[in-house]
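User: I would like to learn how to read the features of a protein model, step by step. Could you take me through one slowly?

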Amino acid sequence: MPSSRKKRPFSLERVPPGQGITQGLPILHIGPVPAFHPESWDFRVGGLVGSNLVLSWEEFNRLPMVTVTADFHCVTGWSRLDVAWEGVAFSTIASLACPAPEAQFVLVHAEHGYTTNLPLSDLKQDDVLLALKLEGRPLEAEHGGPLRLVVPKKYAYKAAKWVRGVEFLREEVLGYWEARGYSNTADPWTEDRYSSPG
Ligand SMILES: Nc1nc2c(c(=O)[nH]1)N[C@H]1C(S)=C(S)[C@@H](COP(=O)(O)O)O[C@H]1N2
Ligand SMILES: [Mo]
């Protein structure tokens with residue numbers, strides 16, 4: 001059965017099925033932690049957009065900020081409750097870029113070629129942000145500093161660390177883990193961990 005047809009079971013649980021609560025925030029990623037050079041760092045928005053954007057570190061930091069406190073669920077089975085993030089709402093980036101109506105998908109690009117993909121409608125949710133701060137402090141490099149994506153309703157492999165840009169697309173392109181057997185929809189509440197064969 002395709003995972004999209006699974007229903008979220010009625011539940012009063014705070015933690016999604018198959019997840020255990022962790023107190024700290026484990027550090028989990030592939031590859032080395034990239035160095036951050038504010039002078040050369042930029043954030044690029046391209047693809048099917050009205051305006052291609054290249055924002056400097058200073059310019060990015062002048063965008064309006066939001067705060068989001070949300071639970072964080074890793075597909076390997078740990079969840080950390082009430083993580084406080086601060087940064088730029090994804091919807092702010094989308095409004096600046098004016099994506100074409102047919103651009104319904106987004107590929108998020110991070111350092112070292114890590115990517116993740118989401119439908120634009122998922123990224124426009126009001127709890128989705130490009131986070132610069134964690135628990136009130138600048139995001140440490142190990143946790144994706146200076147900038148990471150946060151998508152609370154999805155498993156955390158969608159929460160790309162070290163994000164450098166977003167690309168608006170007509171057709172879906174799978175990201176790093178999505179192309180390696182992890183679920184594209186990645187809904188923790190239906191335990192949608194792996195892509196269904198076929
Ligand atoms: N660039 C990049 N981002 C990444 C990953 C990665 O390998 N590379 N791993 C993801 C996974 S699987 C998880 S669980 C979270 C972990 O975030 P944390 O190390 O801040 O807890 O980062 C996500 N973002
Ligand atoms: Mo993860």
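Analyst: Let us start with one residue: Gly 113 sits in the loop between strand S6 (105–110) and strand S7 (115–119), where strands (E, at least two residues) and helices (H or I, at least four) are DSSP runs numbered from the N terminus. This is a predicted model, in which local features need pLDDT of at least 70 and side-chain atom pairs count only at pLDDT 80 or more, while totals for chains, interfaces and linings use all residues. Residues are numbered from 1 along each chain as its sequence is written, chains are lettered from A and ligands numbered from 1 in the order in which they are written, and side-chain values use heavy atoms, with hydrogens and water left out.

User: Is Gly 113 buried or exposed?

Analyst: Buried means under 20% relative accessible area, exposed over 50%, and partly exposed in between (1.4 Å probe, protein chains only). Gly 113 has 53% relative accessibility, so Gly 113 counts as exposed. From C-alpha to C-alpha, Gly 113 lies 29 Å from Leu 81 in space, and the two are 32 residues apart in sequence.

User: How many aromatic pairs does the structure hold?

Analyst: Rings of Phe, Tyr and Trp (its six-membered ring) pair if their centres lie within 6.5 Å, and planes under 30 degrees apart count as stacked, over 60 as edge-to-face and the rest as tilted. The structure holds 14 such aromatic pairs. One of them joins Trp 41 and Phe 60, edge-to-face, at 5.9 Å centre to centre with 85° between the planes. This pair links distant parts of the chain, since Trp 41 is in the loop between strand S1 (20–21) and strand S2 (42–47) and Phe 60 is in helix H1 (residues 57–61), 19 residues apart. Trp 41 is buried at 5% relative accessible area, and Phe 60 is buried at 0%.

User: What should I know about how a pocket is found?

Analyst: Rolling a probe the size of a water molecule over the atoms shows where empty space is left. On a 1 Å grid over the protein atoms alone, a pocket is an open set of points where a 1.4 Å probe fits, with protein on both sides within 12 Å along at least five of seven lines, and lining residues have an atom within 4 Å of a point. Points are joined across faces, edges and corners, and a volume is the space filled by probe spheres set on them. Here the largest pocket holds about 480 Å³ of space. Its lining has 27 residues, with Leu 28, His 29, Tyr 114, Tyr 157 and Trp 177 closest to the centre.
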